[in-house]
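Work through the exercises below with the model open. Each task is followed by a stepwise solution.

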Amino acid sequence: MSKLFSRFVKNESGATAIEYGLIAALIALAIIVGAGTLGNTLNEKFLKISGELTKAN
């Protein structure tokens, strides 16, 4: 039983998998926030262009 426990404590593959999962989650969050910000900015630009075109007619 103690050998099993010592092997479990020395095994770091689970910790590595969790670290990779956290990194992937942070990257996904950054992409979501960036895409949302970009979408809002583009929406504002297109609304401004639409307003200018409406005034021109």
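**Exercise 1.** Find how many salt bridges the whole structure holds, and state which residues form a salt bridge.

Solution. The model is a predicted one. A search of the whole structure returns one salt bridge. Its partners are glutamate 52 and lysine 55, whose closest N and O atoms are 3.4 Å apart. That distance meets the criterion, because a side-chain nitrogen of Lys or Arg must lie within 4 Å of a carboxyl oxygen of Asp or Glu. Both residues belong to helix H2, three residues apart, about one turn of the helix.

**Exercise 2.** Classify glutamate 52 and lysine 55 by accessibility.

Solution. The class limits are under 20% for buried and over 50% for exposed, with partly exposed in between. Glutamate 52 has 44% relative accessibility, so glutamate 52 is partly exposed. Lysine 55 has 61%, so lysine 55 is exposed.

**Exercise 3.** Locate leucine 42 and describe the nonpolar patch on the surface.

Solution. Leucine 42 sits in helix H2, which covers residues 13-56. Its relative accessibility is 41%, therefore leucine 42 is partly exposed.

**Exercise 4.** Compare the radius of gyration of the protein chain with that of a compact globule of 57 residues.

Solution. The globule would have a radius near 10 Å, whereas the protein chain has 25 Å. The C-alpha trace spans about 85 × 10 × 5 Å along its principal axes. The chain has two helices and zero strands, and buried residues make up 0% of its 57 residues.

Key
Residues numbered from 1 in each chain as written. Predicted model: local features only at pLDDT ≥ 70, side-chain atom pairs only at ≥ 80, totals over all residues. Heavy atoms only, no water. Helix = DSSP H or I, 4+ residues; strand = E, 2+ residues; numbered from the N terminus. Rg over C-alpha atoms; globule rule 2.2 N^0.38 Å. Buried < 20%, exposed > 50% of the residue type's maximum accessible area, 1.4 Å probe, protein only. Patch = residues over 30% accessible without salt bridge, like charges linked within 9 Å, V, L, I, M, F, W, Y side chains within 5 Å. Areas by Shrake-Rupley, 256 points an atom, 1.4 Å probe, with all protein chains shown as cover.
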